[in-house]
Amino acid sequence: MAPPPPAAAAVGHRSYLLLRCGGLLPSPSGPATLPFASHGATSARLRLPPPRFSLSPVPKSLSASSHIPVRSLFTGIVEEVGRVRRLGPPLVPSGGGGGDAPGLDLEVESKNLLAGTQLGDSVAVDGTCLTVAAIDPAASTLTFGVAPETLRRTSLGSRAPGDGVNLERALTPASRMGGHFVQGHVDGTGEIAAFRPDGDSLWVTVRAPPEILRLLVPKGFVAVDGTSLTVVNVDDQGGWFDFMLVRYTQDNIVLPTKKVDDKVNLEADILGKYVEKLLAGRVEAMSKVDS
């Protein structure tokens, strides 16, 4: 069923990245009904000891009893679009961790985030929470260790030198809360289905798996590549949702530079996950009473 005509522009926001992510969810099967057609060096640096990529267990479902603890929090308001300098094996060999699939180093050029950023700080990179492992002031770069599990469950592994990435540092007690609570725990990836200009704004439609769609509501929040955005329409049967980017947001995030069918990291609002779990527990308790 075609979505209703856009009634109001949903205000877009900017975003950041986080590392300890949720699971990669399968793409919905079958054709999706879309609301519109698509269009188409070496220098002295500070470095942490190689990370061992200790991750919390990934829940089997978003409503499972297991959870990933909150270590950092973001707002989804992008501070800067950085540029990927390198994604490859660590230049400093890891002393531990083991395993057949080694992690990678993601080196990102940043103009504004180096000031005040320290080793061990959390930064959201395209919505994935990552830890700063090295700082090179001369090259204006931050380096993050990316675990194999993170590469499997996010779109970071497809980044190439020169690609833009959304950057946001973790909240501090004095930070303004301009977006919504973003954990950087990516629930899965979606695919851009269509772009449609509307004046100087831009409608974006994203295909998403049902495990994420069921947590989205019109006028609710979603983080797309770490950007806090307002959902406009949700089509559970068609397997898509959409939102609008105002001109300022278009100029300050990566999303408008992507192409149809490109992957994006998705994180549903944590409030929806809590509500789903609470309701599931109540239904289970009531079923036990009835039996």
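This is a guided tour of the predicted model, stop by stop.

**Before you start**

Residues are numbered from 1 along each chain as its sequence is written, and side-chain values use heavy atoms, with hydrogens and water left out. Because the model is predicted, local features need pLDDT of at least 70 and side-chain atom pairs count only at pLDDT 80 or more, while totals for chains, interfaces and linings use all residues.

**Stop 1: colour by confidence**

Colour by pLDDT, the predictor's confidence in each residue, from 0 to 100. The protein's mean is 80, and 71% of its residues reach 70 or more. Select residues 6-32. Here pLDDT stays under 50. The model has 135 contacts (heavy atoms within 4.5 Å) beyond four places in sequence for residues 6-32. Now select residues 37-43. pLDDT stays under 50 here too, with 12 contacts beyond four places in sequence.

**Stop 2**

Switch to a cartoon. Helices (H or I, at least four residues) and strands (E, at least two) are DSSP runs, numbered from the N terminus. Two strands pair if DSSP finds at least two bridges between them.

Select S4 (residues 122-125) and S5 (residues 128-136). Four bridges join S4 to S5, and the two run antiparallel. Pick Ser122: the bridge partner in S5 is Thr131. S4 and S5 form a hairpin with two residues between them. Click Asp126 in that turn; its phi is positive, about 50°.

Is S5 mostly covered or mostly open? Mostly covered: eight of its nine residues are buried. Buried means under 20% relative accessible area, exposed over 50%, and partly exposed in between (1.4 Å probe, protein chains only).

Asp136 has Thr141 in S6 as its bridge partner. The hairpin of S5 and S6 has four residues between the strands. In this hairpin, Ser140 takes a positive phi near 55°.

**Stop 3: the barrel**

Which strands make the closed barrel, and in what order? Six strands close it: S8-S9-S12-S11-S10-S13, with antiparallel pairing. Neighbouring strands of this sheet are turned by 45° against each other on average, direction ignored. For such angles, axes are lines fitted to C-alpha atoms, for helices over the stretch in contact, and angles run from 0 to 180 degrees between N-to-C directions.

Follow the barrel pair by pair.

- Select S8 (residues 188-198) and S9 (residues 201-207): seven bridges join these antiparallel strands. Arg196 stands opposite Trp203 in S9.
- Select S10 (residues 221-224) and S11 (residues 227-235): they pair in the antiparallel sense over four bridges. Val222 has Leu229 in S11 as its bridge partner. Two residues lie between the strands of this hairpin, and Asp225 takes a positive phi near 55°.
- Ala223 has Glu267 in S13 as its bridge partner.

**Stop 4: salt bridges**

Side chains of opposite charge can pair when their charged atoms come close. The rule for a salt bridge is a side-chain nitrogen of Lys or Arg within 4 Å of a carboxyl oxygen of Asp or Glu. The count comes to 14.

Glu109 sits in strand S3 (residues 104-109) and Arg85 in strand S2 (residues 80-88), 24 residues apart. Glu109 is partly exposed at 33% relative accessibility, and Arg85 is partly exposed at 36%.

Move to Glu107 and Arg86. The closest N and O atoms of this salt bridge are 3.9 Å apart. Glu107 lies in S3 and Arg86 in S2, so the pair ties together parts 21 residues apart in sequence. Glu107 is buried, at 7% relative accessible area.

Next, Lys259 and Asp262. Their salt bridge spans 3.9 Å, N to O. Lys259 is exposed at 56%, and Asp262 is partly exposed at 23%. Finally, select Arg86, Asp105 and Glu107 together: salt bridges that share partners join them into one network.

**Stop 5: the aromatic pair**

Rings of Phe, Tyr and Trp (its six-membered ring) pair if their centres lie within 6.5 Å; planes under 30 degrees apart count as stacked, over 60 as edge-to-face and the rest as tilted. The count comes to one aromatic pair. Select Phe241 and Phe243. Their ring centres are 6.0 Å apart and their planes stand at 35°, so the pair is tilted. Phe241 and Phe243 are buried.
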